[in-house]
Every structure is written in structure tokens, then in C-alpha cells.
Amino acid sequence: MGERQPLLILGAGAHGGVVRDCVDDRHFQFMGYLDDRPSDRPSGKGEPVLGGLDDLPVLLRDYPHAAAVIAIGDNMSRRRVAERAQSLAPGVTWARIVHPTAILSVHIEIGPGTVIVAGSIVNCGSSLGRHVLINTGTIIDHDNSMDDFASTGPGVSTGGDVQIGSLSHIGIGASVRHGIRIGRNCVIGGKAYVDRDVGDNWVSFGIPARPQYQRVLGQSYL
Ligand SMILES: CC(=O)SCCNC(=O)CCNC(=O)[C@H](O)C(C)(C)COP(=O)(O)OP(=O)(O)OC[C@H]1O[C@@H](n2cnc3c(N)ncnc32)[C@H](O)[C@@H]1OP(=O)(O)O
């Protein structure tokens, strides 16, 4: 076994515990969480919260080979933390975290900071941007692209050649027909079936999914 890379998880809430479960301890040496809010911590894990985000530069100075990953489900919040971390520690290395049960084609691209949770499948020719979140049991079929900070809820499935814009969330259990384009900053509601393209900033749901209202950047959806 090669040397394990020290790893910090930014975000110690419930999703922090999920991301911790995805970490393959053969490749990473989990150091602990960073979180600015002491109450927002995973229960019963017995693993340390080392401090807040402001402590990142000192930790990276002491452990120069360490990588970090952000465990925040909300897309815009994840982007804000990424930007803050980047300004505090410009050289930060973002880890790609893939649960050992995920099935990934070798012909895909995964951006830094992206997390793929247990039981997910990503098929050939697909490309996941930076800090994308693929939640439990998602199927991303062939030749998809998901831009930076996009996410899926559990149990999402997409057909081939689907494009999902940055910061967009595909809600729990939704399906997206092959060939569909979903714009930036969209939310597809739980259980929707998307059979038409969706423009930027739309919340869309139903079977078939139809645009319901426009959302502003950062509007909550979880
Ligand atoms: C591990 C994890 O937990 S990851 C997170 C998983 N969770 C998700 O993915 C959830 C994503 N969010 C959703 O699906 C939300 O329902 C949204 C964002 C689409 C809509 O949220 P809101 O705008 O707050 O809608 P709100 O809950 O007020 O509902 C408004 C109406 O739309 C209906 N509605 C909301 N979502 C849906 C949906 N997905 N399908 C059908 N109808 C819906 C509601 O029933 C309600 O109808 P009513 O007025 O007749 O009572």
C-alpha cells in the first residue's frame, strides 16, 4: 500500500458523516473535520473536529500533502465555502472522493472536490465538474456532463447525453430523459420526469416535469 494522503472534510454535519463513509481508508488518512458551527457535527462518529475553516491554512502548512473535500449538500453554500477556502489557502488540493461501492467507467472525467456516494454508477464518456455531488444510488448514464457545483439527490437516473448546468440540483428520485439540457442554477423536484430542456434558474417538477417558478441564485431548496 502506498502512502495515504491526509484528508480534511470541511463540514461536520450529517452530510459530513456521509462523505466520511465514502472515504477509502486505503488511500486517505482521515484527519478530521473543520466546521465553523460547533453544534453542527456528526453524532457518534468519535472523530475529531479540528477547528473552523480559518484553521485550514495552518493545517495545510503543518500537513503540506493534505487534501480537503467539502461536505455541504446545498450547492451555493458549497461554492461559497470553496471560494473562502481558496482565498484562505490558495494552494489547497481538492480530493475526489468515491465510495468503494460506486461503479465508474474508466472513460469518465471527475473534477477535483467531487464526491460520489455509495451505490452510484457513472457510465462511459461522462464528465463531472469540480465539487459535484452525486448522491446515494444515482445513475449517470453515458456521455453526460455535470458542471461545477451541480448535484443529485438519492436515486436519480439520467439517460445518455444529458447536460446539467452549474449549481443545478436534480431532486431525489428524479429521472431525466436522454439528450436533455438542464441549465444553470435549476432545481428539478423529487420524482420528476424531465422530458424537455430546462432553461437557467427554473424550478421544475411533476411527471412530466414542467417549469414552476424562477429562483434566484442561492435560494434554498433542501
Ligand atoms: C441525502 C439527501 O437528503 S439529498 C436531498 C434530497 N432532497 C431533494 O432532492 C429535495 C429537492 N426539493 C424539492 O423537490 C422541493 O419540493 C422543490 C424545491 C422542488 C419545491 O420546493 P418549494 O418551492 O418549497 O415547494 P413547496 O414544498 O412549498 O410546495 C409547493 C407545492 O408544490 C408541490 N410540490 C413540491 N415539490 C413537488 C414535486 N417534486 N413534485 C410534485 N409536486 C411538488 C407541493 O406538494 C405543493 O403543492 P400544494 O401547493 O398543492 O400543497
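I start with His142, which the unreviewed UniProt entry annotates as "active site". UniProt positions are in the numbering used here, feature names are shortened, and annotations may be inferred rather than shown by experiment. This is a predicted model: local features need pLDDT of at least 70, side-chain atom pairs count only at pLDDT 80 or more, and totals for chains, interfaces and linings use all residues. Residues are numbered from 1 along each chain as its sequence is written.

Where does His142 sit? His142 is in the loop between strand 13 (139–140) and strand 14 (145–146). Helices (H or I, at least four residues) and strands (E, at least two) are DSSP runs, numbered from the N terminus. His142 counts as partly exposed because it has 18 C-beta neighbours inside 10 Å. On that scale, 20 or more other C-beta atoms within 10 Å is buried, 12 or fewer is exposed, and in between is partly exposed, with C-beta atoms placed from the backbone. Setting aside neighbours within four places in sequence, His142 contacts Asn123, Cys124, Gly125, Ser126 and Gly160. Contact here is two C-beta atoms, placed from the backbone, within 7 Å.

Next, the other annotation. UniProt, again in an unreviewed entry, puts "binding site" at Ile172 and Gly190. They are spread over 19 residues of sequence but cluster in space, with a largest C-alpha distance of 4.5 Å. Ile172 is in the loop between strand 18 (169–170) and strand 19, and Gly190 is in the loop between strand 21 (187–188) and strand 22. Ile172 has 18 C-beta neighbours inside 10 Å, so Ile172 is partly exposed. Gly190 is also partly exposed, because 15 other C-beta atoms lie within 10 Å. Beyond four places in sequence, Ile172 contacts Gly153, Pro154, Gly155 and Gly190, while Gly190 touches residues including Gly153, Gly171 and Ile172.

Which residues are closest to the ligand? Of the 16 residues around the ligand, the closest are Gly153, Gly171, Gly189, Gly190 and Phe205. The shell has eight nonpolar, seven polar and one charged residues. Nonpolar is Ala, Val, Leu, Ile, Met, Phe, Trp, Tyr, Cys and Pro; charged is Asp, Glu, Lys and Arg; the others, Gly among them, are polar.

Six strands, in the order 7-10-13-16-19-22, form an open sheet with parallel pairing. Strand 7 (103–104) and strand 22 (193–194) are the edges, each pairing on one side only. Pairing requires at least two bridges found by DSSP. Strand 16 (residues 157–158) and strand 19 (residues 175–176) are joined in parallel over two bridges, and Ser157 has Ser175 as its bridge partner.

Last, the domains. The assignment gives domain 1 (5–94) and domain 2 (97–206); such bounds come from an automatic or database domain assignment. Their centres, taken over C-alpha atoms, are 23 Å apart. Gly73 lies in the loop between strand 4 and helix 3. Gly73 counts as buried because it has 22 C-beta neighbours inside 10 Å.

Conventions:
A residue is near a molecule or strand if its C-beta atom, placed from the backbone, lies within 6 Å of it.
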